[in-house]
Amino acid sequence: MDGLKFLSLSSGSSGNCYFLGNTDEGILIDAGISARKINKTLKEHGIDLGIIKGLCISHDHSDHIIAAGYIGERCGIPVYATRETIGGMNRNFRMPEKIYTSHRFIVKGTPFKIGNFEITAFDVMHDGSDNSGFVIRHGDICIAFATDIGCLTPEVKRLLKKADYIVLESNYDDNMLKTGRYPEFLKRRIAGNNGHLCNSDAAEFIAEAFEEGVSKAFLCHISAENNSPDIAFDCVCKSLAKRGFNEERFADVIPLARTKASPVFILK
């Protein structure tokens with residue numbers, strides 16, 4: 001069996017979708033871009049949609065679910081989410097194809113299996129109907145996803161620090177959000193505990209996590225309006241430097257692009 005591959009197909013308010021797998025089996029985390037784009041991007045990276053054994057949904061906001069109904073009902077790929085999330089998805093008019101038979105209800109804190117993947121959902125702070133992060137184990141590899149989180153609770157920190165790799169939101173720069181053109185109500189929503197995670201909080205945590213053995217951090221859901229990949233990356237690097245990490249570790253911080261696919265990363 002070959003190495004485990006991680007691919008970000010898209011990451012941000014325009015749509016979120018991630019692949020994790022190898023040549024035999026894979027899963028998707030979120031499906032916030034069109035099914036056509038998902039299939040096209042996978043093919044461009046040598047991945048056949050036919051190996052996808054399941055789709056895990058973090059929450060019911062449009063940028064995470066647009067293609068979920070199509071993938072579940074038309075492609076026959078099971079959709080794993082909490083009961084509350086599935087209900088919210090089916091109420092969301094921006095998900096044109098509803099889920100009738102492809103859902104598989106999950107319970108936070110209770111592990112479930114998709115092929116050789118063992119997955120445990122955990123609670124995160126956000127303003128969807130219900131909101132999950134995922135700890136995913138495949139063989140000796142553990143990767144944790146925490147996107148769209150307003151704050152890092154003690155339990156989320158504990159779980160992420162146990163992973164080898166983390167995919168963590170680094171949504172906005174504090175000053176850019178405060179001085180930007182968004183209306184005040186939206187600024188309050190983004191900066192609130194049920195909104196999104198700022199660069200400085202993500203950076204401080206990543207430095208802590210690296211001290212405790214996390215290998216790499218992928219920065220996801222970077223805002224186009226209130227952030228940039230370079231600003232988010234620099235913020236993390238400054239936190240790492242303050243804790244005594246040398247510049248070689250900076251390469252283990254990888255910002256994910258909003259609207260284009262990342263390279264395929266081999267997780268070892």
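Reply: Two strands count as paired if DSSP finds at least two bridges between them. The model discussed here is a predicted one.

Me: In which sense do β7 and strand β8 pair?
Reply: Strand β8 comprises residues 117–123, and three bridges link β7 to β8. Within this pair, I114 faces F117 of β8. The sense of the pairing is antiparallel.

Me: Which strands stand at the edges of the open sheet of seven strands?
Reply: The order in this sheet is β7-β8-β9-β10-β11-β12-β13, and the pairing is mixed. Two of these strands each have a single partner strand, so one side of each is left without a neighbour in the sheet. The edge strands are β7 (112–114) and β13 (253–255).

Me: What is the average twist from one strand to the next in that sheet?
Reply: The sheet is open and contains seven strands. From each strand to the next, the twist averages 20°.

Me: Which helix lies across β12 and β13?
Reply: β12 spans 216–220, and the helix in question runs at about 165° to β13. Another helix, α4 (residues 154–161), lies across β8, β9, β10 and β11, at about 160° to β8. The helix across β12 and β13 is α8, residues 229–242.

Me: How many residues of the contact of α7 with α8 are nonpolar, polar and charged?
Reply: The crossing of these helices, α7 and α8, is right-handed. On the α7 side the contact includes A203, I206 and F210, and on the α8 side it includes I231, V236 and L240. By class, the contact residues are nine nonpolar, three polar and one charged.

Me: Which residue of β4 stands opposite L28?
Reply: L28 belongs to β3, where it is the bridge partner of F19. On β3 (residues 26–29), G26 and L28 on one side and I27 and I29 on the other are all buried. Strand β2 (residues 17–21) pairs with β3 in the antiparallel sense, whereas β3 and β4 (residues 52–56) run parallel, joined by four bridges. In β4, the residue opposite L28 is L55.

Key. Residues are numbered from 1 along each chain as its sequence is written. This is a predicted model: local features need pLDDT of at least 70, side-chain atom pairs count only at pLDDT 80 or more; totals for chains, interfaces and linings use all residues. Side-chain values use heavy atoms; hydrogens and water are left out. Helices (H or I, at least four residues) and strands (E, at least two) are DSSP runs, numbered from the N terminus. Axes are lines fitted to C-alpha atoms, for helices over the stretch in contact, and angles run from 0 to 180 degrees between N-to-C directions. Contact means heavy atoms within 4.5 Å. A crossing is left-handed if the near helix is turned anticlockwise from the far one by less than a right angle, and right-handed if clockwise. Ala, Val, Leu, Ile, Met, Phe, Trp, Tyr, Cys and Pro count as nonpolar, Asp, Glu, Lys and Arg as charged, and the others, Gly among them, as polar. Buried means under 20% relative accessible area, exposed over 50%, partly exposed in between (1.4 Å probe, protein chains only).
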